[in-house]
Amino acid sequence: MKNFSIIVPINGFIKFALLFCFLVLTQLCNAQNKINGKKIFETRCLVCHQSDGGGVPNMNPPLDGATNVNGKDIARLVNIIRNGYDERVALDGMYYNNAMTANPDLKEDAIADVLTYVRNSWSNKAGAVTISQVKAALLKNKAVKK
Amino acid sequence: MKKQIQLVSIALFAFCMNILAQENAGLKLPEGFKANLYANNIGGARHIAITKSGVVFAKLNNPNKEGNAIIRLEDANNDGVADKINGFAKYGGTGIFVKGNSLYASSNEAVFKYELNSKDEVVNPLTPLTIVSGLLDRRQHNSKSITFDMANNIYVNIGAYSNACQEKDRTPGSQGMMPCPILDSAGGIWKFDGSKENQTYKDGKRYATGLRNVLGLDWNTETNKLFVAQHGRDQLNSFYPNLYTDAQNAELPAETFYEINEGDNAGWPYVYYDPSQHKKIVSPEYGGDGKKEGSSEFKEPAVAFPAHMAPMAVLFYTGNQFPTKYKNGAFISFHGSWNRAPLPQEGFFVAFIPFKNGKATGEWEIFANGFAGMENGAKVTNTGKAKARPCGLAQGPDGSIYVSDDNKGAIFKISYSK
């Protein structure tokens, strides 16, 4: 009994410590993802979508505060980044005309990182995007294409 | 009590600063000029046109909340501010022009003609005549700007639906198509008969080619010549980082202003104009390396403006109100850039190009600035933050000029008095 009473708090402490480490690690990972994502954003996206994610009226849609960027359809976002987009964008009551460049060379982890950055920058507070979500979205798109 | 006094004085100070900032509607102008807000929040106002009696027509990019895309504005009590405002037409677009008792307006694929009565009211708001239709609208560069010569011919810009005529638009590594197939039906200025109904491509004539996208065009009635301002290509650094740095892209290529003769070719997409080398340079999509010079058959610009500022309208000043140096010179509005990022944006002003003996001197100057409304004259970093973006230009019967904004839809009136 004595042993048990000692083990329980240790167990509890270990659990707590593990949980703490896990949280710290995920936060660190998220932070690292955001840093990678920021780099990708600056080299590939910033020119059109602007450094504040505000876009250019009538031409390039904003990312900051955009309902679809913060929304649940991650597959759509993944496919736009990978394959580009060449239709008129109707977003939050405005229209945007420019075509978006495809990024066929952008790997799954990079797409996850840049989406994580975009969905958690400026006023955006949507969830992070994982590599498995990106993989699933690309698979789904392949299936649709077939 | 002390705190209250403090608060009140801060509020008073802020109020005074606000009034000071709003002097001349927030614009910076040369000495002797004044500006006021003729109208505000009418919807993204692209080009504007003014009748002999001073009625202003503004073409909206998209229909406003009431579903109207042409707005008629009148300053009935003559205090410089529009007090009678109404609208009609359901189609968005850019071009608008008053010719005698006719009002012409363009959608992104057609040109329509309305009739004005003696009060400059539109007689047939629901039933305009279709002058031209079936012009290409592939979204990118789809604005159909219009102007007239001194006969009754209408000149329509048909912008290229592409950045540089790559096989795949705006795609790194994609080659330029040779010859560029876009040029048969876009990337130039087409001429039509302003009085003939139901024309399409086959009835018109390609008046000039090799122009990527022209928003600003006007007929110089002194020399009987067409002048156009081109939007130069984007993204040299994005697609050719080995050839162009971000800083070089911010200055390349020039926004070019041309005196156009029938049959001219300004060289898009094969060349662009480098303002520091003063040369037409072969586009990287066509084997250029930033230095190789393009063919001399392509037109030389009359004026080369800094890159990416987006010239939206050209207006030859024929009035008598402004000082004599402005007579027969050209005003040109700049929308403000986006493709200079990550460097600060430029433009968001109206420039003036002096003319001597019918030719542009090239020594242009900023005429009206401050449209973007940045505090303490700060630069615009992100284009979306600019409060107003200059677009249309028109001259009133008293010689004042009007500048429209296609963000929220302000119209500024600029006048001169000694």
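In this predicted model, strands β27(B) and β28(B) (residues 401–405) run antiparallel and are joined by four bridges. Strands here are DSSP runs of E with at least two residues, and helices are runs of H or I with at least four, numbered from the N terminus. Two strands count as paired if DSSP finds at least two bridges between them. Local features need pLDDT of at least 70 and side-chain atom pairs count only at pLDDT 80 or more, while totals for chains, interfaces and linings use all residues. Residues are numbered from 1 along each chain as its sequence is written, with chains lettered from A and ligands numbered from 1 in the order in which they are written.

**Sheet in chain B**
- Pro390(B) has Asp405(B), in β28(B), as its bridge partner.
- The open sheet has four strands in the order β1-β29-β28-β27 (chain B), with antiparallel pairing.
- Because β1 (33–39) and β27 of chain B stand at the edges with a single partner strand each, one side of each has no neighbour in the sheet.
- From one strand to the next, the twist averages 25°, taken between axes that are lines fitted to C-alpha atoms, with angles from 0 to 180 degrees between N-to-C directions.

**Ala386(B)**
- Ala386(B) lies in the loop between β26 (365–368) and β27 (390–395) of chain B.
- Ala386(B) counts as buried because it has 23 C-beta neighbours inside 10 Å; buried means 20 or more other C-beta atoms within 10 Å, exposed 12 or fewer, and partly exposed in between, with C-beta atoms placed from the backbone.
- Leaving out residues up to four places away in sequence, Ala386(B) touches Gly336(B), Phe348(B), Ala372(B), Val380(B) and Asn407(B), where contact means backbone-placed C-beta atoms within 7 Å.

**Nonpolar cores**
- A nonpolar core is a set of buried Ala, Val, Leu, Ile, Met, Phe, Trp, Tyr and Cys residues joined through C-beta atoms within 7 Å.
- The largest has 121 residues, and Ile48(B), Val156(B), Ile189(B) and Phe412(B) have the most contacts inside it.
- A second, separate core of 23 residues includes Cys48(A), Val69(A), Val78(A) and Trp338(B).

- Chain A has four helices and two strands, in the pattern α-α-β-β-α-α along the sequence.
- Of the 146 residues in chain A, 31% are buried.
- The contact between the chains takes 18 residues from chain A and 20 residues from chain B.

Notes
Contact = placed C-beta atoms within 7 Å.
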